[in-house]
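Here's a quick briefing to read with the model open in your viewer.

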Amino acid sequence: MTVDIKKYKTIIFDCDGVVLDSNIVKTEAYFRTAKKLGATDAQAQALVDYHVKLGGISRYHKFDWYLREVTHQSVTDSAIQALLDGFSRELEAGLMQCDMAKGLFELREATPNANWMILSGGDQQEIRDLFARRKLAHMFDGGLFGSPDNKDEVLAREKASGAIREPALFIGDAKYDFEAAKRANIDFIFLSGWTEVPDWKQFCAANNIVVLESIKQLC
């Protein structure tokens, strides 16, 4: 399907599975983090399964659920922080080494008048540090955003401030990305190449979602 990418004044990208081939990096990091903090294989896998099911939802929510529903521990600040710190350590090396989407620089050149924004379920400061270290931050002049604010909150805030200029497009690889875009009345494209959504074909067909394999197809 042909997409008129040049008509958009703002282009919003999810990070994992869209700009970076990092879905598997994060999935493995969830498992290792739980194991190193004393989880059984079954408990660690439960966290992984919940992560995959929820796609771009914040890790804060996932760890809260894990403590409540899987380990039946009290959800304290210290317990959450231990999981967050462990997860960040597990992620660091993988995120620096994973592949970047082919065609990203060409797409930036093809859309010189559009604001580019990252909207991730990952930790906001972690994303900003990572993109600076990988020399990608300058491309996203609309900002790099992540948790603890969720995607609905960021979209509402940035629309209200005028930072998101319309027409706008959100490019994601998770059901939550589509749902957040729909609630914000923003066009959406689903990227299938790196997604972890098992039933993405049925989901996209049922919701009449434009599907592309990769960013390169937009160039």
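Which residue forms a salt bridge with Glu 166, and how far apart are the closest N and O atoms? The partner is Lys 159, and those closest atoms sit 3.6 Å apart. Keep in mind that this is a predicted model.

**Salt bridges**

- In total, the structure holds 15 salt bridges.
- Lys 35 has a relative accessible area of 34%, so it counts as partly exposed. Asp 41 comes in at 47%, again partly exposed.
- Arg 133 and Glu 92 make another salt bridge, at 3.3 Å from N to O. Arg 133 belongs to helix α6 (residues 124-133) and Glu 92 to helix α4, so this pair ties together parts that are 41 residues apart in sequence. Both ends are partly exposed: Arg 133 has a relative accessible area of 47% and Glu 92 has 45%.
- There's also a network of salt bridges, which links Asp 14, Lys 151 and Asp 177.

**Nonpolar cores**

- The largest nonpolar core counts 48 residues. Those with the most contacts inside it are Ile 11, Phe 13, Val 19, Trp 116, Ile 118, Phe 131 and Phe 140.
- Which helix gives the most to this core? That's helix α4 (residues 77-97), with seven residues.
- A separate core of 22 residues lies apart from that one, and includes Phe 188, Phe 190, Val 197 and Cys 204.
- In soluble globular proteins generally, nonpolar side chains tend to be buried together.
- Setting aside residues up to four places away in sequence, Trp 116 touches Ile 11, Phe 13, Leu 104, Leu 107, Arg 108, Thr 111, Met 139, Phe 140, Asp 141, Gly 142 and Gly 143.

**Helices α1 and α2**

- Helix α1 (residues 23-36) packs against helix α2 (residues 41-54) at an angle of about 150°, and their axes are 8 Å apart. The crossing is right-handed.
- On the α1 side, the contact uses Lys 26, Thr 27, Tyr 30, Phe 31, Ala 34 and Lys 35. On the α2 side, the residues are Asp 41, Ala 44, Gln 45, Leu 47, Val 48, His 51 and Val 52.
- By type, the residues of this contact split into seven nonpolar, three polar and three charged.

**Two single residues**

- Is Glu 126 buried or exposed? Its relative accessible area is 17%, so Glu 126 counts as buried. Glu 126 lies in helix α6, and beyond its neighbours within four places in sequence, Glu 126 is in contact with Arg 59, Ser 88, Leu 91 and Leu 95.
- Asp 4 lies in the segment before β1 (10-13) and is partly exposed, at 48% relative accessibility. Asp 4 and Leu 218 are 214 residues apart in sequence, while their C-alpha atoms are 8.5 Å apart in space.

Key:
Residues numbered from 1 in each chain as written. Predicted model: local features only at pLDDT ≥ 70, side-chain atom pairs only at ≥ 80, totals over all residues. Heavy atoms only, no water. Core = buried A, V, L, I, M, F, W, Y, C linked by side-chain atoms within 4.5 Å. Buried < 20%, exposed > 50% of the residue type's maximum accessible area, 1.4 Å probe, protein only. Helix = DSSP H or I, 4+ residues; strand = E, 2+ residues; numbered from the N terminus. Contact = heavy atoms within 4.5 Å. Salt bridge = Lys/Arg side-chain N within 4 Å of Asp/Glu carboxyl O. Axes fitted to C-alpha atoms, helices over the stretch in contact; angles between N-to-C directions. Left-handed = near helix turned anticlockwise from the far one by under 90°. Nonpolar A, V, L, I, M, F, W, Y, C, P; charged D, E, K, R; others polar.
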